[in-house]
Amino acid sequence: MEQEWREASGLGKLHVKALFHQFVYELLQQLYGQDIEPLKPDLVSQAVAYMREHFSRPMTLESIAEELQCCTGHLSRLFKSKMHTSPIHYLGQVRADRAAELLMQTDATFIHARKSQNNGHDDYVVFIIDAGSLLGFDEYKWKLANEG
């Protein structure tokens, strides 16, 4: 099918589309015939995975929803219902946790942690406030309290 698609002109591509639709129809008919229901993707799990994988990028609720092809209100309601926090607060926690890892594993300061992970915060002061408030300490006290 792929080779025919690459080599096809207008009418040939129509034929490939028809074959593909026939294939999908046969597949779904077999699934339903065996009482197998296709799984719907879990939007919250997808959002969590996306945030964990791309936490270093600047991100908004709108950009996450756009990536997952859903509306912001729906994503926010589902996320709060399942995770008991907002998507953006969760993202902040992921970023703070990553900063904490860097602080514990290295001699990095908050400045170095921010720069080395490019955590989506353009403003150092905002990063310190977010990370400090999420971790519950200022940098010096946090490192002292968490050293082995």
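Predicted model: local features only at pLDDT ≥ 70, side-chain atom pairs only at ≥ 80, totals over all residues.

Q: What comes just after H2?
A: Asp35 does, with a positive phi of about 55 degrees.

Q: Let me zoom out. How many helices and strands are there in the protein chain?
A: The protein chain has 9 helices and 0 strands. Along the sequence the pattern reads α-α-α-α-α-α-α-α-α.

Q: How much of the chain is buried?
A: Buried residues make up 32% of the 148 residues.

Q: And what share of the contacts links residues 24 or more positions apart?
A: Among contacts with a separation of 6 or more, they account for 55%.

Q: Which residues of H5 are buried?
A: Leu75, Ser76 and Phe79. They cover an arc of only 95 degrees around the axis, so they lie on the same side of H5.

Q: Which exposed residues sit on the face turned away from that buried side?
A: Arg77 and Ser81.

Q: What about Leu78: where is it, and how exposed is it?
A: Leu78 is in helix H5. Its relative accessible area is 33%, so it counts as partly exposed.

Q: What does Leu78 touch, leaving aside neighbours within four places in sequence?
A: Leu43 and Val44.

Q: How far is Leu78 from Asp42?
A: They are 36 residues apart in sequence. In space, C-alpha to C-alpha, the distance is 9.7 Å.

Q: Then at what angle do H3 and H5 pack?
A: About 90 degrees, with their axes 9 Å apart. That makes H3 roughly perpendicular to H5.

Q: Which residues meet there?
A: H3, residues 43–53, brings a set including Leu43, Val44 and Met51. On the H5 side, the residues include Leu75, Leu78 and Phe79.

Q: And H4 with H5: how do their axes cross?
A: At roughly 95 degrees, coming within 9 Å. H4 and H5 are therefore roughly perpendicular to each other.

Q: Which residues of H4 and H5 meet?
A: From H4, Leu61, Glu62, Ile64, Ala65 and Leu68. From H5, Thr72, Leu75 and Ser76. Leu75 and Ser76 are also among the buried residues of H5.

Q: Now the loops. Where is Gln69?
A: Gln69 is in the loop between H4 and H5. Its phi is positive, about 55 degrees, although it is not a glycine.

Q: Is Gln69 buried or exposed?
A: Exposed, because its relative accessibility is 74% and the cut-off for exposed is over 50%.

Q: What follows H5?
A: His84, whose phi is positive, near 60 degrees. His84 is a residue other than glycine. It is found in the loop between H5 and H6.

Q: Buried or exposed, that His84?
A: His84 is exposed, with a relative accessible area of 70%.

Q: And Thr85: where is it, and is it buried or exposed?
A: Thr85 is in the loop between H5 and H6. It is buried, with a relative accessible area of 18%.

Q: Which side chain makes a polar contact with that of Thr85?
A: His89, at 3.0 Å. Leaving aside neighbours within four places in sequence, Thr85 is in contact with Phe79, Lys80 and Tyr90.

Q: Last one. Where is Arg95, and is it buried or exposed?
A: Arg95 is in helix H6, residues 87–105. It is buried, with a relative accessible area of 7%.

Q: What lies 2.7 Å from a polar atom of the Arg95 side chain?
A: The backbone oxygen of Arg57.

Terms used. Residues numbered from 1 in each chain as written. Heavy atoms only, no water. Helix = DSSP H or I, 4+ residues; strand = E, 2+ residues; numbered from the N terminus. Buried < 20%, exposed > 50% of the residue type's maximum accessible area, 1.4 Å probe, protein only. Polar contact = N/O pair within 3.5 Å; in protein donor to acceptor, adjacent residues only side chain to side chain. Contact = heavy atoms within 4.5 Å. Arc of directions from axis to C-beta. Axes fitted to C-alpha atoms, helices over the stretch in contact; angles between N-to-C directions. Parallel < 35°, antiparallel > 145°, perpendicular 65-115°, else oblique.
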